[in-house]
Amino acid sequence: MHSDAKAAVMAAASNNPVHPAGHQPPATAQEIVQSFEEADHHEVSLAGYQPEDWICLGIFWTMALLVFLQFFSRYVLNDSYAWTEELAVYCLIGVVFIGSAMCVRACRHIQVDFLYRYLPRPVGRTLATVIDLLRTAFFGYAVWLTYRYIALVGDEPMTTLFWNKAYVYWMALAGFVLMFLRSVQVSICNWRQGYSILENPAAYESQD
C-alpha cells in the first residue's frame, strides 16, 4: 500500500518537476525562435524625438570621432593633433547645453518633490506654477546674459586653430534659447493638465 503511494508521488514529480524558488526552467528552442520573431516584428518609432535630440546626437558623435582621432594620432602615429582635444572640449560644451534642453522638455532636471506629498492640492498647484514661472524667467535671463557675453568677448580666438571662439558661445546661447522655449512649452502643458511632475511623478514614469 505504502509502496504504491510512494510510486505515485514519484511519478507525479517526474511529470511536473518542481524548480527551486527564483529559478526558471531553461527556455526551449521554440520559445527562443518565437522571441526572435517578435523582435523582428517590433516597429521602431522616431516620433518622440525632437530637433535638439538629433543636434545633440550629431555633436556627440563628432566629439567621439575627435577623441578617437586624438588617441590614434598620439599612440599610433606618435604625433598628437593638439586641435582634436580643444575641439572635443567644445563639442562637450555643445552636448551639455543642447542636452539640457532635452532634459527641460522631458522634465528630467534635478528636482525635489518630497514636500508636495504633504501639501494640500491647491497649495501644491500654486507652488508648482510659481516654480514654472521662475524656471522660465531664469532661462530667459540666461539667454540675455549669454548674448551680452558674446558681445563682449565674441572675437576671442581659439588656442590651436585660431578660429573664432564665438561659435562655442553661440552653441551655449542656442542651448539656453531652446531651454527657454521648452520651459514655456512645459509650463503651458502643466497648466492645461492641472499638475506637473512635482505634484504627480507617477504620471511621468512611462516616459523613461
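The model is a predicted one. Its secondary structure is simple to list: the protein chain has six helices and zero strands. Read from the N terminus on, the elements therefore run α-α-α-α-α-α. Of the 208 residues in the protein chain, 26% are buried. As for contacts between residues with a separation of 6 or more, 69% of them join residues 24 or more positions apart.

Next comes a pair of helices. In general, two packed helices are described by the angle between their axes and the distance between the axes. Here, helix H4 takes in residues 82–105 and helix H6 residues 166–193. The two pack at an angle of about 5°, and their axes are 8 Å apart. Angles under 35 degrees count as roughly parallel, so H4 and H6 are roughly parallel to each other. On the H4 side, the contact is made by Tyr90, Ile93, Gly94, Phe97, Ile98, Ser100, Ala101, Val104 and Arg105. H6 brings in Val168, Met171, Ala172, Ala174, Gly175, Phe176, Leu178, Met179, Arg182, Ser183 and Val186. Sorted by class, the contact of H4 with H6 has 14 nonpolar residues, along with four polar and two charged ones.

Ser100 is worth a look of its own. This residue lies in helix H4 and is one of those that make the contact with H6. Is Ser100 buried or exposed? Its relative accessible area is 15%, so Ser100 is buried. Setting aside neighbours within four places in sequence, Ser100 is in contact with Val95, His109 and Met179.

Aromatic rings also pair up in this model. Rings pair if their centres lie within 6.5 Å, and by this rule there are ten aromatic pairs. In one of them, the ring centres of Tyr81 and Trp83 are 6.0 Å apart and the planes meet at 10°, so this pair is stacked. Tyr81 is partly exposed, with a relative accessible area of 29%. Trp83 is also partly exposed, at 32% relative accessibility.

Cys107 sits in the loop between H4 and helix H5 (121–153). Although Cys107 is not a glycine, its phi is positive, at about 55°. Cys107 has a relative accessible area of 12% and is buried, because buried means under 20%. Phe162, for its part, sits in the loop between H5 and H6. Phe162 is a residue other than glycine with a positive phi, near 60°. Is Phe162 buried or exposed? With a relative accessible area of 62%, Phe162 is exposed, whereas Cys107 is buried.

Arg108 is another residue in the loop between H4 and H5. Its relative accessible area is 33%, which makes Arg108 partly exposed. How far apart are Arg108 and Tyr204 in sequence and in space? They are 96 residues apart in sequence, and their C-alpha atoms are 9.8 Å apart in space.

Key
Residues are numbered from 1 along each chain as its sequence is written. This is a predicted model: local features need pLDDT of at least 70, side-chain atom pairs count only at pLDDT 80 or more; totals for chains, interfaces and linings use all residues. Side-chain values use heavy atoms; hydrogens and water are left out. Rings of Phe, Tyr and Trp (its six-membered ring) pair if their centres lie within 6.5 Å; planes under 30 degrees apart count as stacked, over 60 as edge-to-face and the rest as tilted. Buried means under 20% relative accessible area, exposed over 50%, partly exposed in between (1.4 Å probe, protein chains only). Axes are lines fitted to C-alpha atoms, for helices over the stretch in contact, and angles run from 0 to 180 degrees between N-to-C directions. Helices (H or I, at least four residues) and strands (E, at least two) are DSSP runs, numbered from the N terminus. Angles under 35 degrees count as roughly parallel, over 145 as roughly antiparallel, 65 to 115 as roughly perpendicular and the rest as oblique. Contact means heavy atoms within 4.5 Å. Ala, Val, Leu, Ile, Met, Phe, Trp, Tyr, Cys and Pro count as nonpolar, Asp, Glu, Lys and Arg as charged, and the others, Gly among them, as polar.
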